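Thanks for coming. Please look at the sequence and the model on the screen, and keep both in view while I talk.

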Amino acid sequence: MADIAKFIEEIKGMTVVELNELVKALEEEFGVSAAAPVAVAAAPAAGAAAPAVEEKTEFNVKLKDIGAKKIEVIKAVREFTSLGLAEAKKLVEDLGMIKEGVNKEEAEKIAARMKEAGAEVTID
């Protein structure tokens, strides 16, 4: 093992040009190519470096089921909207959208309040 440790220390001290020459010499000696392992190693790095999927920042909260406490759900809907009583009642009966484009915290707050009122919502 001491020989391997010495070899690693020597490699650490090499310049880029010397490392390039070492790789070429190893390729010639063993009849292999370092290109395939480099490409395999680069593929995950490229995939990991490009998480193009951004974290969602805007959510929509929609009624899924109003449960048995319709009046409580209507009151809860009015807490989060500027709807009048008739409009809130219609929204609840139609299982409509409570809020659109809210942040995650607000969406979770609405969902918790609706659950407390006996309703089920979807957040998407």
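I will go through the salt bridges, then a pair of helices, then a surface patch.

First, the ground rules. This is a predicted model, where local features need pLDDT of at least 70 and side-chain atom pairs count only at pLDDT 80 or more, while totals for chains, interfaces and linings use all residues. Residues are numbered from 1 along each chain as its sequence is written, and side-chain values use heavy atoms, with hydrogens and water left out.

How many salt bridges does the structure hold? There are 6, where a salt bridge is a side-chain nitrogen of Lys or Arg within 4 Å of a carboxyl oxygen of Asp or Glu.

Start with K12 and E9, whose closest N and O atoms are 3.5 Å apart. Both sit in helix 1 (residues 2-12), and because they are 3 residues apart, about one helical turn separates them. Helices here are DSSP runs of H or I with at least four residues, numbered from the N terminus. K12 is exposed, at 62% relative accessible area, and E9 is partly exposed, at 48%. The cut-offs are under 20% for buried, over 50% for exposed, and partly exposed in between, with a 1.4 Å probe and protein chains only.

R113 and E116 form another salt bridge, also 3.5 Å from N to O. They are 3 residues apart in helix 6 (residues 104-117), again about one turn. Is R113 buried or exposed? R113 counts as buried, at 15%, whereas E116 counts as exposed, at 59%.

D94 and K90 meet at 2.8 Å, N to O, and D94 is partly exposed, at 47%. There is also a network of salt bridges linking K70, K89 and E93.

Those three residues bring us to the helix pair. K70, V73, I74, V77 and R78 in helix 4 meet L85, A88, K89, L91, V92 and E93 in helix 5; contact means heavy atoms within 4.5 Å.

Two packed helices are described by the angle and the distance between their axes. Helix 4 (residues 70-80) and helix 5 (residues 85-93) have axes that come within 9 Å and cross at roughly 115 degrees. Axes are lines fitted to C-alpha atoms over the stretch in contact, and angles run from 0 to 180 degrees between N-to-C directions.

Last, the surface. L26, F30 and V32 form a nonpolar patch with about 310 Å² of accessible area together. Patch residues have over 30% relative accessible area and no salt bridge; like charges are joined within 9 Å, and nonpolar side chains (Val, Leu, Ile, Met, Phe, Trp, Tyr) within 5 Å. Areas come from the Shrake-Rupley method with a 1.4 Å probe, and for residues only the protein chains shown count as cover. F30 lies in helix 2 (residues 16-30) and is exposed, at 59%.

Definitions and conventions: Helices (H or I, at least four residues) and strands (E, at least two) are DSSP runs, numbered from the N terminus.
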